[in-house]
Amino acid sequence: MDMQKIGLLGFGTMGAGIAQLIAQSGRDVLVLETAQERIDAGMRFLSEFLATGVARGKLTEEDSNTIRSRVHGVLKVEELADAQLVIEAVTENPDAKKSLFAKVSSIVSADVPILTNTSALSVTDLATSVDNRGRFAGLHFFNPAPLMKIIEVVKALETDDKTIDTLVAFVESLGKEPVVVKDRPGFLVNSLLMPYLNDVIQAYDEDLATAEDIDIAIRLGLGHKLGPLELLDLIGLDVHNHATMSAYQATLDPKFAPPPLLRQMVAAGHLGNKNGKGFRTDGRKTA
Ligand SMILES: NC(=O)c1ccc[n+]([C@@H]2O[C@H](COP(=O)([O-])OP(=O)(O)OC[C@H]3O[C@@H](n4cnc5c(N)ncnc54)[C@H](O)[C@@H]3O)[C@@H](O)[C@H]2O)c1
């Protein structure tokens, strides 16, 4: 594949993981950020992740240095002019994303794919900010991007088949499994996960079983690595509440409606592992 220079927008949690993944595939990555401190923070995060890989024997110190040398932070969008593919991973704010896409679209060649890593926004709506909407699609990475095997390739209403073919080949060249999916709230994985987690919360609230037993049953009965309540604590109850509420507002489908117990827990500041209060962290029902 002949795309050697990739533009990346945002060097936060996802940007750092995506930069590493792309650099590991032998390409150069130009990462746009808003301030030098953000570039330094992204490089630190990437270096720490690589150091863990070295400590675990997954890669050598030399590999780690080579990967780092392929990642270049930039502060001006004009520096992305000769990128052959651009991936956006900036803060989840539709207006900010659209204004950035409009700038990128006016700078790169008309056939360069422009992609968003949004989790919850409409890819079809974001596409309205670029020229030649056929080149715009979603590329939804999972966190941590270097480790997770799947990448969703999201086909918006006006995405060309050619763009999808390019992205499937690109994802495969990263050593990941592409899954092509329509532009719907939650795409594929999260659109199936959110109603499932909502059902589990409801079952727990109805005293179907204890929190611990629900997790044991799903681990052993379905072979999942994590039980659903442990997973909710890991994701963050506020994060799940926001995601499922957004999907509910976009579709008015009751399967996405946040269950009352979830809303109460979030209102009371029970956010899961991040603050040590969740379904499994204190072992008690909170409402
Ligand atoms: N965190 C996850 O688990 C996850 C998973 C899949 C997708 N996503 C999506 O990825 C995107 C980024 O999420 P994140 O968790 O990495 O957020 P984050 O807050 O860790 O990072 C966002 C970065 O974007 C930068 N930024 C903001 N505006 C910018 C601009 N105009 N130009 C350049 N950089 C800019 C910020 O300085 C920050 O470093 C969001 O759309 C989110 O929905 C997140």
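Helix α1 gives three residues to the shell around the ligand, the largest share. Helices (H or I, at least four residues) and strands (E, at least two) are DSSP runs, numbered from the N terminus. The model is predicted: local features need pLDDT of at least 70, side-chain atom pairs count only at pLDDT 80 or more, and totals for chains, interfaces and linings use all residues. Residues are numbered from 1 along each chain as its sequence is written.

The ligand has 22 residues around it, and Gly10, Gly12, Met14, Ser119 and Asn143 come nearest. A residue is near a molecule if its C-beta atom, placed from the backbone, lies within 6 Å of it. By class, the shell has nine nonpolar, ten polar and three charged residues. Here Ala, Val, Leu, Ile, Met, Phe, Trp, Tyr, Cys and Pro count as nonpolar, Asp, Glu, Lys and Arg as charged, and the others, Gly among them, as polar.

Eight strands form an open sheet with mixed pairing, in the order β3-β2-β1-β4-β5-β6-β7-β8. Strands β3 (71-74) and β8 (177-182) are the edges, each pairing on one side only. Two strands pair if DSSP finds at least two bridges between them. Strand β2 (residues 28-32) runs parallel to β3, joined by four bridges. Val31 stands opposite Gly73 in β3.

Helix α1 packs on the sheet, touching β1 (5-9), β2, β3, β4 (85-88) and β6 (136-141). Contact requires C-beta atoms, placed from the backbone, within 7 Å.

Terms used. Two residues are in contact if their C-beta atoms, placed from the backbone, lie within 7 Å. Axes are lines fitted to C-alpha atoms, for helices over the stretch in contact, and angles run from 0 to 180 degrees between N-to-C directions.
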